[in-house]
Amino acid sequence: MQKLSEVSQRGKYIVTAVSGDHQLKKRLNEMGMVRGKVITVITLNTHDSGLMIHFQGQRLALSEGIAVNIEVVGIEELAGQEIKPLSEIELKQSCLIAEIGGRKELKRRLMDMGLTQNTLVTLINTAPLGDPLEIKVRGYKLTLRKSEADLIKVRKIDL
Amino acid sequence: MKHKEIALAGNANSGKTTLFNLLTGANQRVGNWPGVTVERKSGYLKKDKQLLLQDLPGIYSLAPYTPEELVARKYLLTDRPQQILDVVDATNIERNLYLTLQLLETKIPLVVALNMTDLLKKQGRRINTKKLAYLLGVPVVKISALKKKNIDSLITELKKDEAKEIVYPKYDPRLEAALAMITEQLEGIVSVAEQRFYAIKLFERDEQIQAELQLDAKRREKIAELIKTAEKVFEDDSSSIIINARYDYISHLMDQCVIDEGDFSLSLSDRIDLVVTNRYLALPIFFGVMWLVYYLSIQVIGGAGSDWVNDVLFGEYIPDNAQRILQAWHVAPFMQGLIIDGIIGGVGAVLGFLPQIMMLFLCLGILEDCGYMSRIAFVMDRIFRRFNLSGKSFIPLLISTGCGVPGIMSTRTIESEKDRKMTIMLTTFMPCSAKLTVIALVAGIFFKGQSLAAPAAYFLGIIAVICSGIYLKKTPLFAGEPQPFVMELPTYHLPKLDNIIRYVWNKSRGFVKKAGTIIFASMVLIWLLSNYNFKLQPVPQDSSMLRDFGSLLAPIFAPLGFGDWRAVSAVLTGLIAKENCVATLQVAFGNPSSQAQFAHLLTAAYTPMAAYAFLAFNLLCAPCFAAIGAMHKEYGDAKWTWRAVGYQTFLAYLAAMLIYQTSLLVSGTFSFLNVLLVILGVSLLVYGLIFKKSYQPPTDDLMETEGSEWSQL
């Protein structure tokens, strides 16, 4: 985990924490800069110049003062983490979707429900016999069978 | 003013049905079960009869994935309504807007109704409606359908004639470039307004759209090339590109319009779920709830009500008064017989179930409306998948214990075609309230004091469902890989009294209507058949037409222990409605004056096990005509209906025969034929359940997983 201002390589990062005073936090919040969001660093913060990021289809320039308050984890770093099926994640664990396999229609259906690459999902519950699973994704709850969760490959991330 | 057609679209559970009811005042059911709006319904606005509201099924996307999505998409593309009213659940805005973006792509003028805004405060969320309207380029009206807030301004918005031109959302420039080039290829093939939608669908490689457009080879090649290039640029496949672009766009909208105060906190609904769907508590709670439902509806309140209707209302009050009136009017004796014994007796026997049915549907209505029903699907899925059904199959099975007709109708919520067809075929095995009469009769008269006789009937139904699930999956009709299960769990809310009252009213009205029409007519017919011969002369029971029909078919039922014209006639009339079984027996045994006398006559005619075989047969065989009609409607195909009815009747025969013949073997009074029949029946069952190989589709290697499930059973 590192501060966004200290990032030394371009590429994709995940926001793990946003700190700072209330006002600033709120502003970042309004911009969509919240836990679990993926940003792409375009230019680095060299010599306190601030940095440019790509975020949800928009380019943003951030001053160093703001970037200090944003903690991130590089996707590259996570890439070292093993890819596991969502079905093998422990309860209450958050993870990022790495890829979705399976038949075309099923894959499409899962993606339509908002399960796309680099989306944050949290396993929140399982049914009595450990199947199906209940996950939280994009602010709502979704139920999946273990066999479908097997198709969703994820990387664990600690938030 | 001219007439205007408005399509009502939105996610399942977005409150669409509630809004529809509110706007049109139509008598429609509202539930919390995902996809409860399965039928296409329309109605004119209460406040403006010029506006026709067309209710579309609840969908998440315009992808051709579920039958609901197909229906909605086809309607929007071919009928092109003048306007779409998109219901967006404000508490779940991110996923709801995903559909909104797709609706915008159709270029049909759109009004967004931001529903459930009353719940936002609790969620700690604020939405800037004006900003959202500006960014989407369409009117956005904040409403609460449940609390009936702001509905008038929504209607005003719908009435506005000059709809603004739709500006569809623009995505990533690299994606837009690819879409623009695909649009060029569509020049002159689809109208300008539809180009965006088709371009995106072609980009997603939507096979249906490809087939529909029938582009020439050159264009197809060009488009395929464009998609490949884009996929290279994005390092992703084309449908992911589009989905990601849409969700990115939504995130962008959210950032500007939605303010979340405070972090995600456990809502009340989440806290309820922590208990209700808990790993250890879920099943006990579920069985507790089911026990309560049955205790309340069948035993306590419903039971007391039914006793009163049977013993007091139709036992003394109505027949006594009718008799007095008929005698005062000097009505011919045969008419008196028809009215008092045939009609009042028969219809009364049926109406006796009304209190139980009302109570049952009151309980089910509450469970459905508050959101527990979808948790049931969640909890039960694992168990039901063992028998090749989905968790959602549980609801039709449960409803069928009330009545098979709504049970069959509720199978629409099951996404997979195969699972749905199988559930329709199996759901009427559950003892419905009408079959309860037969259970009550057999258990009450032949198995007095044996408390297991009645529950055993329920187990028989459940076992029939389980075994059939295992067997049918092996046949070519149902073979194939298991279907996915993706479902949203709606937030709990307090059930709305008027929804539930409407639900109970609709169900009970349907039941009373059936009692008043089909059963009334069949009562007259049975009375006629059992009191007259073929020359239409009044005769005693044992030389009537019914007896002739029954005697003709009786030999077929001899191996089941009730090859007797009276029982066979009861089976036949049971096809009209299962309640008739009891009524027919009563008429066929010459309308015994008291229950004790009837019991005496029955026990003299049949052995207890023959009676149980009779019960088993009636429980499992082809359901009543109303249910067969519902099956036909759901299958949309006579062949499937016959298949289902044939399978059910065959299984019923097999089960009843095994029960009776085995009982003979056990009791020690058997002949060679009995042994032969038992061996035949058992070996058929063993073969079907264990030794029959699963049908292997030519190119399918997924059957192995099924084999492994087997070993766990």
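## Overall composition

Chain A contains five helices and 12 strands, where helices (H or I, at least four residues) and strands (E, at least two) are DSSP runs numbered from the N terminus. Of the 159 residues in chain A, 43% are buried; a residue is buried if 20 or more other C-beta atoms lie within 10 Å of its own, exposed if 12 or fewer, and partly exposed in between, with C-beta atoms placed from the backbone. Residues 24 or more positions apart supply 59% of the contacts in chain A that have a separation of 6 or more. Two residues are in contact if their C-beta atoms, placed from the backbone, lie within 7 Å.

Chain B has 31 helices and nine strands. Its 713 residues are 46% buried, and residues 24 or more positions apart account for 71% of its contacts with a separation of 6 or more.

## Basis and confidence of the model

This is a predicted model, in which local features need pLDDT of at least 70 and side-chain atom pairs count only at pLDDT 80 or more, while totals for chains, interfaces and linings use all residues. Residues are numbered from 1 along each chain as its sequence is written, and chains are lettered from A and ligands numbered from 1 in the order in which they are written.

The model scores ipTM 0.73 and pTM 0.68. For chain B the mean pLDDT is 80, and 89% of the residues reach 70 or more; pLDDT is the predictor's confidence in each residue, from 0 to 100. The pLDDT is below 50 over residues 29-38 of chain B, a stretch with 46 contacts in the model beyond near neighbours in sequence. It is also below 50 over residues 699-713 of chain B, where six such contacts are found. Where pLDDT is low, the predicted coordinates should not be read in detail.

## The contact between the chains

In the model, 36 residues of chain A are in contact with 38 residues of chain B. On the chain A side, at least two residues each come from α1 (22-31), α4 (104-112), β9 (120-126), β11 (140-144) and α5 (146-149). Helix α4(A) gives the largest share of that side, seven residues.

## The sheet of chain B

Six strands of chain B form an open sheet with mixed pairing, in the order β2-β3-β1-β4-β5-β7; two strands pair if DSSP finds at least two bridges between them. The edge strands, each pairing on one side only, are β2 (41-44) and β7 (140-142) of chain B. From one strand to the next, the twist averages 25 degrees. Helix α3 (residues 93-105) of chain B packs on this sheet and touches β1, β4 (83-89) and β5 (110-115) of chain B, its direction making about 165 degrees with that of β4(B). Axes are lines fitted to C-alpha atoms, for helices over the stretch in contact, and angles run from 0 to 180 degrees between N-to-C directions.

Strand β3(B) is mostly covered, with four of its five residues buried. Strands β1 (residues 4-10) and β3 (residues 51-55) of chain B run parallel and are joined by five bridges. Across this pairing, Ile6(B) stands opposite Leu53(B), and Gln54(B) is the bridge partner of Ala7(B). Strands β2(B) and β3(B) pair in the antiparallel sense over four bridges and form a hairpin with six residues between them. Here Gly43(B) stands opposite Leu53(B).

## Helix α7 of chain B

Helix α7 (residues 173-185) of chain B has 13 residues and reaches 19 Å from its first C-alpha to its last, close to the expected 18 Å, a span given by 1.5 Å times one less than the number of residues. Its buried residues are Leu175(B), Ala178(B), Leu179(B), Ile182(B) and Gln185(B). Seen down the axis of α7(B), these fall within an arc of 100 degrees, so they line one face of the helix; the arc is that of the directions from the helix axis to the C-beta atoms. An α-helix has 3.6 residues a turn, so residues three or four places apart point the same way.

The buried residues of α7(B) pack against α8 (192-203), α10 (217-234) and α11 (238-257) of chain B. On the other side of α7(B), Pro173(B) and Ala180(B) are exposed.

## Ala656 of chain B

Ala656(B) lies in helix α29 (residues 638-667) of chain B. It counts as buried because it has 27 C-beta neighbours inside 10 Å. Leaving aside residues up to four places away in sequence, Ala656(B) touches Leu560(B), Ala613(B), Ala616(B) and Phe617(B). Tyr612(B) is 44 residues from Ala656(B) in sequence and 7.9 Å from it in space, C-alpha to C-alpha.
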